[in-house]
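I opened my notebook to look up a few things in this model. I will write down each one as I go.

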Amino acid sequence: MEGGQYNPRTVEEVFGDFKGRRNGLIKALTTDVEDFYQQCDPEKENLCLYGLPNEQWEVNLPAEEVPPELPEPALGINFARDGMQEKDWLSLVAVHSDAWLLSVAFYFGSRFGFDKADRKRLFNMINELPTVFEVVTGAAKKQQKEKSSVSNHSSNKSKSNSKPEKYPKSQPKDEDEGFDEEEVEEHGETLCGACGENYASDEFWICCDICEKWFHGKCVKITPARAEHIKHYKCPSCTNKRARP
């Protein structure tokens, strides 16, 4: 397969490979679904759906070499095509496609010696994207709608101040107890852009002025005292993007 021709070696390259393959799979299961459906003839031999790094897809026989150059997708997806409703069959293929994408990404990570921090960073980057299953079933749109309402709230807060909004370590409960409950409710779905964990009112958070994502101060090594001297905060990801030629 094409996997032998391209071996991503850095976290960014592996993530780029993941995105290309993911986009190809989504294309097969959505915009190109009629063509994909026709190619998955149950009368043919065991077929697999491959997502390619160039955002294309193909239905093909599995690799003959054992073990294969890359992890292989689910085998025999064509056999179940006529025994299920089309939407259920597509959802099943999507689930297996998600599992395959992760296996390929972490195969590269293992092969090229990613350490714990690299693997965590790769997973967090992948986890920012909706799964193929979520896109195919429409769940991604619902989640995006929910996130946009939280993002709008966060954006409004950051733009209302000259500095990014920062959450204090604690607040006087006798005066602001009602406010605390409202704050937790409004930000309950907000996730840290670094570790992916939920917002908590007793933790210090800071918002990036570029991508408008929220981060635990401890995850980006920013203390409340240091934050007071930052006029416009840029997260590590946005800083790295600006630094590239």
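**Entry 1: a cut-off first.** I need one rule before I start. A residue counts as buried when its relative accessible area is under 20%, and as exposed when that area is over 50%. Anything in between is partly exposed. I also note that this is a predicted model.

**Entry 2: tyrosine 50.** Is tyrosine 50 buried or exposed? I looked up its relative accessibility and found 2%. The cut-off for buried is under 20%, so tyrosine 50 counts as buried. I found tyrosine 50 in strand β1.

Entry 3: Strand β1 covers residues 48–51. Which way do its residues point? Cys48 and Tyr50 point one way, while Leu49 and Gly51 point the other way. All four residues named here are buried. I wrote a general rule beside this: side chains in a regular strand alternate between the two faces of the sheet.

**Entry 4: the partner strand.** I followed β1 to strand β2, residues 57–60. The two strands pair in the antiparallel sense, over four bridges. Which residue of β2 is the bridge partner of cysteine 48? It is asparagine 60. Together β1 and β2 form a hairpin, with five residues between them. Glutamate 55 sits in the turn and has a positive phi of about 70°.

**Entry 5: the whole chain.** I stepped back to count. The protein chain has nine helices and four strands. From the N terminus, the order of elements is α-α-β-β-α-α-α-α-α-β-β-α-α. The chain has 245 residues, and 36% of them count as buried. I also looked at contacts between residues at least 6 apart in sequence. Of these, 62% join residues at least 24 apart.

**Entry 6: how to describe helix pairs.** Two packed helices are described by the angle between their axes and the distance between the axes.

**Entry 7: α1 and α3.** The axes of α1 and α3 are 10 Å apart, and the helices pack at an angle of about 165°. That makes α1 roughly antiparallel to α3. Their crossing is right-handed. From α1, the residues that meet α3 include Val14, Phe18 and Leu25. On the α3 side, Trp100, Leu101 and Phe108 are among them. By class, this contact has 13 nonpolar residues, one polar and three charged.

**Entry 8: α3 and α4.** Helix α3 spans residues 86–111, and helix α4 spans residues 116–127. Their axes come within 11 Å and cross at roughly 150°. The two helices are therefore roughly antiparallel to each other. α3 passes α4 in a right-handed crossing. Leu102, Ala105 and Phe106 of α3 meet Arg119, Leu122, Phe123 and Ile126 of α4. I sorted these by class: six are nonpolar, none is polar and one is charged.

**Entry 9: α1 and α4.** Helix α1 spans residues 11–29. It packs with α4 at an angle of about 30°, with the axes 10 Å apart. Here α1 passes α4 in a right-handed crossing. Val11, Glu12, Val14, Phe15 and Phe18 make the contact from α1. From α4 come Asp118, Arg121, Leu122, Met125 and Ile126. The classes are seven nonpolar, no polar and three charged.

**Entry 10: alanine 140.** Next I went to helix α6, residues 139–159, where alanine 140 is placed. Alanine 140 is buried, with a relative accessible area of 14%. Which residues are in contact with alanine 140, leaving aside neighbours within four places in sequence? I found Pro130, Glu134 and Val135. Proline 130 is 10 residues from alanine 140 along the chain, and their C-alpha atoms are separated by 5.9 Å.

**Entry 11: backbone details in the loops.** I checked the loop between β2 and α3, where proline 67 is found. A cis peptide bond joins valine 66 and proline 67, with omega about -10°.

Glutamate 212 lies in the loop between β3 and β4. It is not a glycine, yet its phi is positive, about 65°. Its relative accessible area is 31%, so glutamate 212 is partly exposed.

Lysine 221 lies in the loop between β4 and α8. Its phi is near 60°, again a positive value in a residue other than glycine. Lysine 221 is exposed, with a relative accessible area of 70%.

Conventions:
Residues are numbered from 1 along each chain as its sequence is written. This is a predicted model: local features need pLDDT of at least 70, side-chain atom pairs count only at pLDDT 80 or more; totals for chains, interfaces and linings use all residues. Side-chain values use heavy atoms; hydrogens and water are left out. Buried means under 20% relative accessible area, exposed over 50%, partly exposed in between (1.4 Å probe, protein chains only). Two strands pair if DSSP finds at least two bridges between them. Axes are lines fitted to C-alpha atoms, for helices over the stretch in contact, and angles run from 0 to 180 degrees between N-to-C directions. Angles under 35 degrees count as roughly parallel, over 145 as roughly antiparallel, 65 to 115 as roughly perpendicular and the rest as oblique. A crossing is left-handed if the near helix is turned anticlockwise from the far one by less than a right angle, and right-handed if clockwise. Contact means heavy atoms within 4.5 Å. Ala, Val, Leu, Ile, Met, Phe, Trp, Tyr, Cys and Pro count as nonpolar, Asp, Glu, Lys and Arg as charged, and the others, Gly among them, as polar.
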